[in-house]
Amino acid sequence: ALKQKPFHPALIRYQVTFAMRDGKTEAAEQIVTEAIAAKPESAELQRLNGEALVAIEKPEEALAAAERAMAIDPELRGVVELFVNLLGHLGRQQVAIDRLETEASKGSLSVSNRLLLARLHILTGANARAIELLESVIAERSNLSGAKNDLAFLLAQDGADLDRALRLAQEARAELPRSTQVADTLGYVYLKRSLPEAAVEQFQTAIDLAKAQSADWATAQYHLGLGLKALGRPADARAAFERALASSVQFPEADETRREIEGLTNAPAG
């Protein structure tokens with residue numbers, strides 16, 4: 001395959017994966033570098049470069065690669081998430097927020113940067129501003145599945161418009177059937193609508209789609225625990241919560257997971 005298409009992003013990903021698996025980090029870097037030199041306008045290769053640089057603990061270079069990928073194709077799957085996560089890791093969320101809000105105040109913020117700003121606000125807990133930004137994104141580009149997914153989750157979290165949250169989540173799920181986060185969001189909306197059986201099904205799908213022991217996997221395990229708890233299955237719920245914490249990764253709901261375990265421990269028998 002490489003002889004026919006030597007710099008195809010999927011084939012480069014395989015090469016990098018094999019090299020990283022064997023501990024050949026320098027070889028992995030070289031493979032991506034050569035591919036980008038041949039196809040510098042490939043957003044997929046720039047994103048792959050960022051992911052590889054994260055794996056070998058070069059966050060500054062990874063951030064630059066993610067930014068290049070976003071500049072080429074801001075709608076490329078996973079690139080905004082990669083960029084946001086790196087900003088958080090490097091402690092630069094507020095700097096980025098301030099810069100983007102300045103652009104927004106001038107009315108010059110693009111759709112992709114509004115989506116980026118919304119996700120940064122989600123990370124800092126400014127949900128109202130995130131909802132405002134996501135509404136403006138969807139009003140302009142109704143086909144952006146990631147924006148619909150994010151807005152559905154925030155609406156469900158607030159409990160203000162669960163009917164619309166469900167509609168948005170179902171649309172995103174149909175458009176991105178292989179997305180862990182989208183399956184998890186639909187499950188969360190079902191849970192908020194008091195449909196725990198449907199929620200548990202989606203959470204299990206999210207777990208199956210996620211990379212094992214990743215942050216998304218841990219979040220889906222936490223949500224699965226909530227669904228099982230709502231079904232009156234405390235032992236299974238506790239097991240899901242414990243799996244989430246046993247992953248040893250940082251995930252946003254870690255504190256809530258510990259509180260859920262504590263609550264189950266202190267609950268009266270029966």
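A nonpolar core is a set of buried Ala, Val, Leu, Ile, Met, Phe, Trp, Tyr and Cys residues joined through side-chain atoms within 4.5 Å. Buried means under 20% relative accessible area, exposed over 50%, and partly exposed in between (1.4 Å probe, protein chains only). This is a predicted model, in which local features need pLDDT of at least 70, side-chain atom pairs count only at pLDDT 80 or more, and totals for chains, interfaces and linings use all residues. Residues are numbered from 1 along each chain as its sequence is written, and side-chain values use heavy atoms, with hydrogens and water left out.

**View 1. L116 and L120 in the largest nonpolar core.** This core has 72 residues. Of these, L116 and L120 touch the most other members. L120 is in contact (heavy atoms within 4.5 Å) with V84, L87, Q93, A96, I97 and L100, leaving aside neighbours within four places in sequence. A second, separate core has 11 residues, including V16, I31, A35 and A52.

**View 2. The aromatic pair Y14 and F18.** In the pair of Y14 and F18, the ring centres are 6.2 Å apart and the planes lie at 20°, so the pair is stacked. Both residues lie in helix α1 (residues 9-21), four residues apart, about one turn of the helix. Helices (H or I, at least four residues) are DSSP runs, numbered from the N terminus. Y14 counts as exposed because its relative accessibility is 52%. F18, at 43%, counts as partly exposed.

**View 3. Packing of helices α14 and α15.** Helix α14 (residues 234-246) and helix α15 (residues 254-266) pack at about 145°, with their axes 10 Å apart. Axes are lines fitted to C-alpha atoms over the stretch in contact, and angles run from 0 to 180 degrees between N-to-C directions. On the α14 side, the contact is made by P234, A237, R238, F241, E242, A244 and L245. The α15 side gives A254, T257, R258, E260, I261, L264 and T265.

**View 4. E260 and T265 in helix α15.** E260 is buried, with a relative accessible area of 17%. Not counting residues up to four places away in sequence, E260 touches Y222, L226, K229 and F241. T265 is partly exposed, at 47%. The C-alpha atoms of T265 and Q181 are separated by 29 Å. Along the chain, T265 and Q181 are 84 residues apart.

Methods. Rings of Phe, Tyr and Trp (its six-membered ring) pair if their centres lie within 6.5 Å; planes under 30 degrees apart count as stacked, over 60 as edge-to-face and the rest as tilted. Helices (H or I, at least four residues) and strands (E, at least two) are DSSP runs, numbered from the N terminus.
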